[in-house]
Amino acid sequence: MTDLPVSSEKPRRSIVDMIYDPETRGLIFQVLLVVALFALGYEIVTNTIANLKKQNIASGFDFLGRTAGFDIGQRLIDYAPTDSYLRAFWVGLCNTLLVAAIGIVFATIIGFIVGIARLSHNWLISRLALVFVEVVRNMPPLLTLFLFYFAFLKSLPGPKQSIQLPFSSVLNVRGLSLPMPIWQPGSWLIPVALAIGIIASILLGRWANARRIATGQQFPVLWTTLGLIIGLPLLAFLAAGFPVTFDYPVLKGFNYQGGLVILPEFMALLIGLTIYTASFIAEIVRSGIQGVSKGQKEAAAALGFRPGLAMRLVVLPQAMRIVIPPLTNQYLNLTKNSSLAIAIGYPDLVSVFAGTVLNNTNQAIECITITMGVYLVISLVTSFFMNWFNTRMALVER
Amino acid sequence: MKFLIKSGLVVAVALAGSVSAVFAQTKTLDTVKARGTLNCGVNTGLAGFSAPDDKGQWGGLDVDLCKAVAAAIFKDPTKVKYVPLTAKERFTALQSGEVDVLSRNTTWTMSRDTSSGLNFAGVNYYDGQGFMVKKSLGLKSAKELNGATVCVQTGTTTELNVTDFFRTNKLEYKPVVFEKLDETVAAYNSGRCDAFTSDVSQLYSERLKSPKPDENVVLPDVISKEPLGPVVRQGDSGWANVVRWTHFAMVNAEELGVSSKNVDEMLASANPEIKRMLGKEGDFGKGLGLENDWAYQIIKGVGNYAEAFDRNVGAGSRLGIARGQNALWNKGGQQYAPPIR
């Protein structure tokens, strides 16, 4: 124990003295608390298992290996009803991660645009942004989802009256069907070219930055980067002789078959979550920008920065330090809110695992525990990443 | 997120409730008697089986069973507290002791009966799963549904049956799964799905509720057996007896021609079977822990099985479902009750 060296320094202290020593006492209470917590946890687990057994309710995690027997409407990984419950779990998890990841990207983009627009000197733009924020963030997210979902279902036509879009895409009440690219041999050149483009852009950016600091000379980094990242893969594509064919959606029987289908449930969930979270992010961005001292902007103007450049190079980097911690919260909220998916029929983790699997196995405690654990892990990973990002941004400070 | 909180609560209730449920296990009847009301788990809204009317009064075939149990225990069919439950919530609510009996169009399956701490107390409606489609599709059989999108409610045997059906017939389909019946039906009505699948009785009920009933048609194929019945917790066979014999009393009453209208005259009947049922002969109520007029109270307060069927789902109701499988065993159906003797 850590109190050993303390007692060896003051050997004449009695037991009573030790109890009254705040440090020792604190330690004793902490140990007691940990023991009590473990005892409580142990009691809950053993009691639950004993009671489940008494009531003849199956327990344990064996069910994960059993055949699922149900189908799932959207799957990113291969899945058939003959696969196991564990496989169904992964399908649901992928669907949750997909909507959360895309939602976070779009919510951030829209949130930043609206947040900056809130501070625009243009009266109309700032008022529009204000109306957007106030309307969207004051609606419950579930209602927003229903609104978008049933708006989709009511306004989109049936499969036979589909809206034809460019590139053989079709939009109807069953979703948006896009031609799906099927890569042919030789297409490996394209991702390789993309990787080379990205690495070259990073190196180029470093070199240009170093040269600018040393000599003050500017280099058109943006255009060169775009050229490298888009141009190189395009060249590879041409060089390999168009190694791609498309699987086009065709009307067959009840519905369009083939192609890549984006379900209306996914669209409604993504748009609903994105808009809802974007309204909060907009306010966070606005408060972050307003939290940067006015003198910074004035100093930038005095040095001859144009307003846009001053915002990008002086104000936003400082605002980011205020913005990132609450931004993390919004990312976590978006991920957690994605569990509302079941209400509009999107097969996310909660719908598939804590819904169908739970009901077919009747093992509520196991299913809910696993689901809670997954959300905990996703949230912890997100906040870990954001904390790392935050420390990086904070280091810039002098 | 709201859903997670709710599920978390269910688990918390299951954890906490499982403790209390164990020592309450053998004495549900005593608990109900002491409480003075029966807690009955019912559907949140399924016309004909359990749904509140425009005055907020619960009615339906499943609700009548709750009433009949209350009548047998308290001599008063109104002493019931109805707990509306979704398909997902129902078993946890029963396991945790939130309800005493679950009378909520629940399919009797082996896994539910054997490994979920549940005990099925009979079958008060023989059903099967079917499909409802738009009439304009011109379909004759469910086997023509290749490539169709199908709306289905989660937490039901339906979800598994539909997968089995398409698999055995080597057909393709796309499921869209919702938590609540209302959203499932709304999605079907707005054209999101080609077909809506559920128990046939439920299809008829939803067809009536839809904006244009004539545009929808229930396909003739019945793809599964769905014996629906009341459920109690496992390990309390005394309580299971009360619920099981309440249903049997209603069936026996129909068979013996005793109804709520003539039950008082029947008290004077010379038929020994009727005498035993109505408590004029023997001590049959005692075995259940009830008074000997238990069946009289059921018939007086709720009626026999035929009355309950006609009033709620049969000819006398808007659903107009034929007795079919639910006719008495001696009239070509499967409703059969062991004798009271």
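The structure is a predicted model. Chain A and chain B touch each other through a contact that takes 46 residues from chain A and 46 residues from chain B, while chain B itself has 14 helices and 13 strands and is divided into two domains.

**Contact between chain A and chain B**

- On the side of chain A that touches chain B, the elements that give two or more residues are α3 (22-54), α6 (141-155), β7 (255-257), α11 (307-337), α12 (349-361) and α13 (364-395) of chain A.
- The largest share of that side comes from α12(A), which gives 7 residues.
- Sorted by class, the side of chain A that touches chain B holds 20 nonpolar, 20 polar and 6 charged residues.

**Overall build of chain B**

- With its 14 helices and 13 strands, chain B has a radius of gyration of 21 Å, close to the 20 Å that the globule rule gives for 341 residues, so chain B is as compact as a globular protein of that length.
- Taken along the principal axes, the box that the C-alpha atoms of chain B fill is roughly 60 × 45 × 40 Å.
- Buried residues make up 54% of the 341 residues of chain B.
- Among the contacts in chain B with a separation of 6 or more, 72% are accounted for by residues 24 or more positions apart.

**Domains of chain B**

- Domain 1 of chain B covers 26-126 + 228-331, and domain 2 covers 129-224.
- The centres of domain 1 and domain 2 of chain B, taken over C-alpha atoms, are separated by 29 Å.
- The contact between these domains takes 14 residues from domain 1 of chain B and 14 residues from domain 2 of chain B, and the side of domain 1 that touches domain 2 divides into 7 nonpolar, 5 polar and 2 charged residues.

**A sheet in chain A**

- Chain A contains an open sheet of 4 strands in the order β1-β2-β3-β8, with antiparallel pairing.
- Its edge strands are β1 (163-165) and β8 (260-262) of chain A, each of which pairs on one side only.
- On average, and with direction ignored, neighbouring strands of this sheet are turned by 20° against each other.
- Within the sheet, β3 (residues 175-178) of chain A pairs with β8(A) in the antiparallel sense over 3 bridges, and A:S177 has A:V261 in β8(A) as its bridge partner.
- In general, the strands of a sheet pair through backbone hydrogen bonds, either parallel or antiparallel.

Conventions
Residues are numbered from 1 along each chain as its sequence is written. Chains are lettered from A and ligands numbered from 1 in the order in which they are written. This is a predicted model: local features need pLDDT of at least 70, side-chain atom pairs count only at pLDDT 80 or more; totals for chains, interfaces and linings use all residues. Two residues are in contact if their C-beta atoms, placed from the backbone, lie within 7 Å. Ala, Val, Leu, Ile, Met, Phe, Trp, Tyr, Cys and Pro count as nonpolar, Asp, Glu, Lys and Arg as charged, and the others, Gly among them, as polar. The radius of gyration is taken over C-alpha atoms; the globule rule is 2.2 Å times the number of residues to the power 0.38. A residue is buried if 20 or more other C-beta atoms lie within 10 Å of its own, exposed if 12 or fewer, and partly exposed in between; C-beta atoms are placed from the backbone. Two strands pair if DSSP finds at least two bridges between them. Axes are lines fitted to C-alpha atoms, for helices over the stretch in contact, and angles run from 0 to 180 degrees between N-to-C directions. Domain bounds come from an automatic or database domain assignment.
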